[in-house]
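Thanks for coming. I will take one structure today and go through its helices, its sheet and a few single residues.

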Amino acid sequence: MLYWFFNYVIIYSISLYATIYIAEKGNQPVPNVYQLYKLQQLDSRIDAVRRRLKEIAANLVETQALKTAKAEFAAAEASLNQARADAVDLDLEVKGLQQKIAKHEKRLYSGSISNPKEAASLQQEIASTKRWLAKREEDLLEAMIAQEDAETQLAEKEKTLADIRRRWETEQSDLLAEKKTLEAELAQLTADRQQQAGFIERATLSQYETLRQKKGGVAVTGVKDDTCVSCGVMLSQRMLQAAEDDSTLCYCEGCGRILFIL
Ligand SMILES: [Zn+2]
């Protein structure tokens with residue numbers, strides 16, 4: 001009984017193996033150019049999306065225009081602060097000189113000075129202080145005008161900065177929205193790509209990958225009006241006929257890419 005059981009198992013195993021073997025031989029995997037072309041389309045789109053995402057990443061920073069506007073605003077602010085400080089200093093100096101003159105004049109006219117030499121010297125000092133005061137009053141006036149100019153300048157720079165910042169913020173939010181959309185698309189494309197690669201037998205896939213690296217990312221090219229879409233070469237009739245067969249890889253006579261008749 002046991003003998004027959006083992007016999008049966010052995011015979012069954014042999015026949016199963018033979019079936020699998022014949023099936024494999026009969027279904028020798030062949031290249032499928034259409035599937036390869038679909039893979040190429042996915043890869044090309046993935047490359048384009050990745051390139052754009054890189055560009056976006058590089059642009060998600062402050063632009064030169066914004067940096068310049070910020071620097072100019074800061075410089076205008078510093079100028080105004082300096083102009084204000086200058087005006088305050090001059091104002092204090094003018095007030096000090098006025099007080100000094102008033103004090104000297106009070107003393108001079110109080111009648112407390114009996115020495116004529118001393119009175120003459122004091123008069124001289126009052127006169128020279130008044131001359132200096134006149135000069136400093138002029139300087140103060142100029143400083144006040146400079147302060148007003150600096151205020152106008154600052155207001156202009158502030159407006160320019162606000163305009164540029166608003167534009168920049170809009171661009172940034174557009175870029176961020178695009179980035180989000182592209183990232184979602186890339187995730188979908190990656191999944192589709194993986195699935196599509198599964199339809200292609202390993203040897204063909206590896207040929208495709210090698211060619212793609214050599215040919216700037218494009219291994220499979222379309223053929224339209226008997227012409228290679230990638231390099232523009234007109235293909236021979238013999239080549240076109242060969243390329244009609246979906247199970248054979250035909251290479252463009254111009255650029256060496258795999259041909260797919262569109
Ligand atoms: Zn070509």
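I start with the ground rules, then the overall layout, then the details.

This is a predicted model, in which local features need pLDDT of at least 70 and side-chain atom pairs count only at pLDDT 80 or more, while totals for chains, interfaces and linings use all residues. Residues are numbered from 1 along each chain as its sequence is written.

First, the layout. The protein has six helices and three strands. Both kinds of element are DSSP runs numbered from the N terminus, with helices being H or I of at least four residues and strands being E of at least two. In sequence order the pattern reads α-α-α-α-α-β-β-α-β.

How much of the protein is buried? Of the 262 residues, 13% count as buried. The cut-offs here are 20 or more other C-beta atoms within 10 Å for buried, 12 or fewer for exposed, and partly exposed in between, with C-beta atoms placed from the backbone. As for contacts, two residues are in contact if their C-beta atoms, again placed from the backbone, lie within 7 Å. Among the contacts between residues at least 6 apart in sequence, 73% join residues at least 24 apart.

Now the helix packing. Helix α3, residues 64-109, packs on helix α4, residues 116-197, at an angle of about 160°, and their axes are 6 Å apart. Axes are lines fitted to C-alpha atoms, for helices over the stretch in contact, and the angles run from 0 to 180 degrees between N-to-C directions. α3 and α4 are therefore roughly antiparallel to each other. On this scale, angles under 35 degrees count as roughly parallel, over 145 as roughly antiparallel, 65 to 115 as roughly perpendicular, and the rest as oblique.

The crossing of α3 past α4 is left-handed. That label applies if the near helix is turned anticlockwise from the far one by less than a right angle; clockwise would be right-handed. By class, the contact of α3 with α4 has 27 nonpolar, eight polar and 19 charged residues. For the classes, Ala, Val, Leu, Ile, Met, Phe, Trp, Tyr, Cys and Pro are nonpolar, Asp, Glu, Lys and Arg are charged, and the others, Gly among them, are polar.

What is the angle between α2 and α4? Helix α2, residues 33-59, packs against α4 at about 155°, with the axes 9 Å apart. That makes α2 roughly antiparallel to α4. The crossing of α2 and α4 is left-handed. Residues making the contact include L39, L42, I46, V49 and L53 of α2, and L175, L182, L186 and L189 of α4. The class count for α2 with α4 is 11 nonpolar, four polar and nine charged residues.

Next, the sheet. It is open, has three strands in the order β2-β1-β3, and its pairing is mixed. β2 and β3 stand at the edges with a single partner strand each, so one side of each is left without a neighbour in the sheet. Two strands count as paired if DSSP finds at least two bridges between them.

Strand β1, residues 220-224, pairs with strand β3, residues 258-261, in the parallel sense over four bridges. One of the bridge pairs is V220 with I258 in β3. On the other pairing, β1 and strand β2, residues 227-228, run antiparallel and are joined by two bridges. V223 stands opposite C228, and K224 stands opposite T227.

β1 and β2 form a hairpin with two residues between them. D225 lies in the loop between these strands. Its phi is near 50°, a positive value in a residue other than glycine. D226 is in the loop between β1 and β2 too, and D226 has a positive phi of about 60° without being a glycine. Is each of them exposed or partly exposed? D225 has 7 C-beta neighbours inside 10 Å and counts as exposed. D226 has 13 other C-beta atoms within 10 Å and is partly exposed.

A242 counts as partly exposed, with 15 C-beta neighbours inside 10 Å. Leaving out residues up to four places away in sequence, A242 touches T248 and C250. A242 and L259 are 17 residues apart in sequence and 9.6 Å apart in space, C-alpha to C-alpha.
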